[in-house]
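Work through these exercises with the model open beside you. Try each task before you read its solution.

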Amino acid sequence: MSTGIIKGNIASESPSRAGFARVAAEESSLRLMARIVGALYLLTILAGIFSAGFVSGKLVVNGDAAATAANILTHRGLFQLGFAVYLIEMACQIAITALFYDLLKPAGRSVSLVAAFLGLTGGIIKTFSRLFFIAPLFILGGAHYLSVFSAEQLQALALLFLKVNDRGAGIALVFFGFYALLTGYLIIKSTFLPRILGVLSVVGGLGWLTFLYPPLGSRLFPFIAIFAILGAASLIFWLLVFGVNEQRWKEKASVAMASM
């Protein structure tokens, strides 16, 4: 009789233990996803600062095609490194968009999907614009078929391509602005992330939307970038240190599943 009782206790406890193990695994998965998003976001910010702030800021001289061409040819390796880091930045950005869609889906599946498409569109545009960033290396490379152009013409063309790269990045920022607005709305609505992070995202998105009129966006860029980095740093810190509130995430996910 005692053996039967023991077996019954084991049988009754096994499902409970399995349930606890499953819950623990789900919570660990959510925390890991949040931390991966935070780490990729941090890498994206650092890559952008290096490529745009250090490489382009050091080599590109606004309005001076000859000086820009000389800088690129003198620091060819640094220029190529800047291009490679730009691509790493965009790979991280696309990964963030996909993971953030999954993380914010319980707060609003349709809105999260729209936000993901906007973010991916911005990533594609910005990635394509980087072809114009690397083009000056070919233009200034001294290829025989370019000998029909004078040195001044090649230098001017190289600077023009860099300007087109900047304009393409500005267009991408508009899509990132809409993306930030929607993700900010989802964060505010979610309850499993602090609402202040959503507010910062919305304000940052409004800042990027100034690039709908590029002269205004370019003029305000230093102020917008500072505020956007502040908002991004807050979100990165929270995702890396705290992640998401797993219980509230599951409650939102359950409600979303029940409504489908």
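## Exercise 1: H4 against H5

The crossing of H4 and H5 has a left-handed sense. The model is predicted, so treat every value as computed from it.

**Task.** Find the angle at which H4 and H5 pack, and decide whether the two helices are roughly parallel or roughly antiparallel.

**Solution.** 
- Step 1. Take the geometry. The axes of H4 and H5 are 8 Å apart, and the packing angle is about 165 degrees.
- Step 2. Apply the cut-off. Angles over 145 degrees count as roughly antiparallel, so H4 is roughly antiparallel to H5.
- Step 3. Sort the contact of H4 with H5 by class. It has 27 nonpolar, nine polar and two charged residues.

## Exercise 2: H5 against H6

**Task.** Describe how H5 and H6 cross, then list which residues make the contact.

**Solution.** 
- Step 1. Locate H6 at residues 195–208. Its axis and that of H5 come within 7 Å. They cross at roughly 160 degrees.
- Step 2. Name the orientation. That angle makes H5 roughly antiparallel to H6.
- Step 3. The crossing of H5 and H6 is left-handed.
- Step 4. List the contact. From H5 come Leu 173, Val 174, Gly 177, Ala 180, Leu 181, Thr 183, Gly 184, Tyr 185, Ile 187 and Ile 188. From H6 come Arg 195, Leu 197, Gly 198, Val 199, Ser 201, Val 202, Gly 205, Leu 206 and Trp 208.
- Step 5. Sort by class. The contact of H5 with H6 holds 12 nonpolar, six polar and one charged residues.

## Exercise 3: H6 against H7

**Task.** Repeat the analysis for H6 and H7, and say how many charged residues the contact has.

**Solution.** 
- Step 1. Locate H7 at residues 214–241. The axes of H6 and H7 come within 9 Å and cross at roughly 155 degrees.
- Step 2. Name the orientation. H6 is therefore roughly antiparallel to H7.
- Step 3. H6 and H7 make a left-handed crossing.
- Step 4. List the contact. H6 contributes Leu 197, Leu 200, Val 203, Gly 204, Gly 207 and Trp 208. H7 contributes Phe 221, Ile 224, Ala 225, Phe 227, Ala 228, Gly 231, Ser 234, Leu 235 and Trp 238.
- Step 5. Sort by class. The contact of H6 with H7 has 11 nonpolar and four polar residues, and no charged ones.

## Exercise 4: The cavity

**Task.** Find which helices line the largest cavity, and which of them gives the most.

**Solution.** 
- Step 1. Count. The structure holds one cavity of 30 Å³ or more. The space in the largest cavity is about 30 Å³.
- Step 2. List the lining: Thr 97, Phe 100, Tyr 101, Leu 104, Ser 112, Ala 115, Ala 116, Tyr 179, Thr 183 and Leu 186.
- Step 3. Assign the helices. H3 (76–104), H4 (109–139) and H5 (151–190) each supply at least two lining residues. H3 gives the most, with four.
- Step 4. Sort by class. The lining has seven nonpolar residues, three polar and no charged.

## Exercise 5: A pocket

**Task.** Characterise the second largest pocket by its volume and its lining.

**Solution.** 
- Step 1. Take the volume, about 280 Å³.
- Step 2. Count the lining of this pocket: 15 residues. Nearest its centre lie Lys 105, Pro 106, Ala 253, Ala 256 and Met 257.
- Step 3. Find the main contributor. Helix H8 (residues 246–259) gives the most to the lining, with seven residues.
- Step 4. Sort by class. The pocket lining has eight nonpolar, two polar and five charged residues.

Methods: Residues numbered from 1 in each chain as written. Predicted model: local features only at pLDDT ≥ 70, side-chain atom pairs only at ≥ 80, totals over all residues. Heavy atoms only, no water. 1 Å grid on protein atoms, 1.4 Å probe; cavity = no way out; pocket = protein on both sides within 12 Å on 5 of 7 lines; lining within 4 Å. Points joined across faces, edges and corners; volume = space filled by probe spheres on them. Nonpolar A, V, L, I, M, F, W, Y, C, P; charged D, E, K, R; others polar. Axes fitted to C-alpha atoms, helices over the stretch in contact; angles between N-to-C directions. Parallel < 35°, antiparallel > 145°, perpendicular 65-115°, else oblique. Left-handed = near helix turned anticlockwise from the far one by under 90°. Contact = heavy atoms within 4.5 Å.
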